[in-house]
Amino acid sequence: MSGPQVEYDVVVLGGGGAGLAAAVSAAETGASVILFESEGELGGSTQLSAGLFTAAGTSVQRELGIADTAERFFQHYMDLNHWMLKPGLIQTFCRHAAPTLEWLIGLGVEVPARISGNAHMPGLCQAGVEDVWRGHVPKDQGYGLVQVLDRARRGHGVDAVLHTRVQELLHDDGRVVGVIADDVEVRAGAVVVATGGLAQDRELVERHYPTALRAGGSLFVVAAPGSRGDHLRLGDQVGSGIVGQDWGLMLPTASFVRFHHWQAGFPPPSRLYIDRSGRRFMDEDASYAVSTGIIDAHGGKCWAVFDERARLALPPGYADWSAENVAAEADAGRVVRAATLDELASLCGVPAGHLRRTVDRWNAQLPNGVDEDFLRHNTLAAKGGKSSLSPIAEAPYYAVRVLPAELVCTHAGLEINEAAAVLDESGTPVPGLYAAGEAGGGVLGLRYVGGGNAVANALTMGRIAGRNAAQRTGARAGAGTTT
Ligand SMILES: Cc1cc2nc3c(=O)[nH]c(=O)nc-3n(C[C@H](O)[C@H](O)[C@H](O)COP(=O)(O)OP(=O)(O)OC[C@H]3O[C@@H](n4cnc5c(N)ncnc54)[C@H](O)[C@@H]3O)c2cc1C
């Protein structure tokens, strides 16, 4: 190519959590770094997220008197993922998550040492199914993380070039030596691919996360617009391996919902979930680490049953879960409404006797503060909520279809090792190529661990990738100049 050329030690593709962490950690070693971002602003899905960060053995946990270790985190992580991930990589992730959180705190991220009841209140929460509290919620959530990292980027003088979607790697004899960005040849000692996931590219979802399509017309994507799967197109140019096939995070949601819960609102607390047998089958507030799997094991969808009192108690101001909207959905025939439980059962196609018995048991238990079958009172207590709920007893009764339909992130990425180096199909590192975040495959697995698995992965592996990319090249004389 005979166009203009520039040269850097490290080129970072993508300005979300993984890319910013990589750029800052590379620059900390003295390397010259440039970052390309396809959109008009930095942040990606990381900026849209709650910023929930799972890590073990942190100063925040210690201040709250919570004993935890990377080894315990590793065991939980591997068990939840059925040991289908590479233990060496997961051990590295679990060991580096806490130091990465401390690094972020050192850069200015605030995680107050107090118990948080949910992913929106800064502090420490229990959002997953772990036995200790590991969900770190930063002030200003994902936006706050991005702001702090971006300030550090600017402090190190790292250029961020917006509106530049990079789709071509420069490679020489199997070694990655740079990228083509807007027809400019950008030479580099190493390239970090941190371009996020593939949720916004329908064709790639069909190929790499077909399970998501079971949601049919209810499917909606909340990942950032830049999540177009460019990591796979880039990796393909140098024969990278891919791992994480058909894994991702789908959140269970009502079939009429179209927004993430911040906008959509929340279903009535006094509701129960029944499967096609008309029986309750799960803790309705089970963590998203496991709830999708439970629903999948019961036919992939269920009914949320509640009554008029629960509908009227919905708080106003939300797009989907408001009293008015539920009534409108029922008027339109998209929510089942009936004068009696028997009629509701008939409309849902479940045995009426089973539904009646299920509701009777609910009324005898949860409104009195206990749930012997599914221990939901424990989940509610961890969320800081009251454990006493209302009986389901006031007509009309409602049934709403609930299914995994909100596509949050995808796990099919370029296979990486403990150094965040990209591996080819034989398992050999591709010289000069690193990947992290949703683009780097192998950390995010079958089950979403946490809350906070994906942000912790992006920032932890991004930091590792940036540091190793810089160390690989060394601060080469003359880098960072236009030729
Ligand atoms: C609404 C929402 C809430 C979430 N909440 C949480 C949470 O609380 N905790 C948690 O752990 N996870 C959460 N997640 C998931 C988590 O945010 C993401 O998995 C994680 O932040 C991904 O980080 P990333 O750096 O890999 O990708 P991103 O943050 O998406 O960054 C990738 C960047 O690369 C850019 N890009 C793409 N292609 C190119 C290209 N060819 N050239 C240049 N740039 C490119 C994109 O525009 C984007 O800015 C949430 C996700 C969403 C959508």
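Colleague: A polar contact is a pair of N or O atoms within 3.5 Å. In this predicted model, how far from a polar atom of the side chain of asparagine 417 does the backbone nitrogen of alanine 419 lie?

Modeller: Asparagine 417 lies in the loop between strand S17 (413-415) and strand S18 (421-423). Its side chain has a polar atom that meets the cut-off of 3.5 Å with the backbone nitrogen of alanine 419, at a distance of 2.9 Å.

Colleague: Is asparagine 417 buried or exposed, and at what relative accessibility?

Modeller: Leaving aside neighbours within four places in sequence, asparagine 417 is in contact with Leu89, Leu423, Pro429 and Met461. Buried means under 20%, so asparagine 417 counts as buried, at 16%.

Colleague: Which residues of helix H13 are buried?

Modeller: H13 runs over residues 341-348. Residues three or four places apart in an α-helix point the same way, because there are 3.6 residues a turn. The buried residues of H13 are Leu341, Leu344, Ala345 and Cys348. They lie on the same side of H13, because the arc they cover around the axis is only 100°.

Colleague: Against which strands and helix do the buried residues of H13 pack?

Modeller: Just after H13 comes glycine 349, with a positive phi of about 75°. The packing partners of the buried H13 residues are strand S14 (302-307), strand S15 (336-338), helix H14 (352-365) and strand S16 (397-410).

Colleague: Where is proline 396, and what is omega of the bond that joins alanine 395 and proline 396?

Modeller: Proline 396 sits in the loop between helix H15 (376-382) and S16. The peptide bond from alanine 395 to proline 396 is cis, with omega of about -5°.

Colleague: How many residues surround the ligand, and which are the closest?

Modeller: The shell divides into 15 nonpolar, 19 polar and five charged residues. In total 39 residues surround the ligand, and the closest are Glu37, Thr46, Asp230, Glu438 and Val455.

Colleague: What percentage of the accessible area of the ligand does the protein cover?

Modeller: Backbone polar atoms come up to oxygen atoms of the ligand: glycine 44 at 3.4 Å, alanine 50 at 3.3 Å and glycine 51 at 3.4 Å. Of the 1000 Å² of accessible area that the ligand has on its own, the protein covers 97%.

Colleague: Which elements give two or more residues to the shell around the ligand?

Modeller: S16, against which the buried residues of H13 pack, is one of these elements.

Colleague: With which side chain does arginine 153 form a polar contact of 2.6 Å?

Modeller: Arginine 153 belongs to helix H6 (residues 141-155) and is buried, at a relative accessible area of 9%. Not counting residues up to four places away in sequence, arginine 153 touches Leu20, Val24, Leu42, Val158, Asp159 and Ala160. The polar contact of 2.6 Å is to the side chain of aspartate 150.

Colleague: What phi does glutamine 141 take?

Modeller: Glutamine 141 also lies in H6. At 17% relative accessibility, glutamine 141 counts as buried. Its phi is positive although the residue is other than glycine, at a value near 50°.

Colleague: And what is the phi of histidine 82?

Modeller: Histidine 82 is placed in the loop between helix H4 (70-80) and helix H5 (87-107). Histidine 82 is not a glycine, yet its phi is positive, about 55°.

Colleague: What distance separates the C-alpha atoms of glycine 178 and alanine 188?

Modeller: Glycine 178 is part of strand S8 (residues 175-181) and is buried, with a relative accessible area of 0%. Beyond residues up to four places away in sequence, glycine 178 touches Leu169, Leu170, Val186, Arg187, Ala188 and Val191. Glycine 178 and alanine 188 are 10 residues apart along the chain, and their C-alpha atoms are separated by 4.7 Å.

Colleague: Which residues does serine 218 touch, not counting residues up to four places away in sequence?

Modeller: The loop between helix H7 (202-208) and strand S10 (220-221) holds serine 218. Serine 218 counts as buried, at 12% relative accessibility. The residues that serine 218 touches are Ser255, Arg258, Leu403 and Ala405, with those up to four places away in sequence left out.

Terms used. Residues are numbered from 1 along each chain as its sequence is written. This is a predicted model: local features need pLDDT of at least 70, side-chain atom pairs count only at pLDDT 80 or more; totals for chains, interfaces and linings use all residues. Side-chain values use heavy atoms; hydrogens and water are left out. Buried means under 20% relative accessible area, exposed over 50%, partly exposed in between (1.4 Å probe, protein chains only). Helices (H or I, at least four residues) and strands (E, at least two) are DSSP runs, numbered from the N terminus. The arc is that of the directions from the helix axis to the C-beta atoms. Contact means heavy atoms within 4.5 Å. A residue is near a molecule or strand if one of its heavy atoms lies within 4 Å of it. A polar contact is a pair of N or O atoms within 3.5 Å; within protein, one must be able to donate a hydrogen and the other to accept it, and residues adjacent in sequence count only if both atoms are side-chain atoms. Accessible areas come from the Shrake-Rupley method with a 1.4 Å probe; for residues, only the protein chains shown count as cover. Ala, Val, Leu, Ile, Met, Phe, Trp, Tyr, Cys and Pro count as nonpolar, Asp, Glu, Lys and Arg as charged, and the others, Gly among them, as polar.
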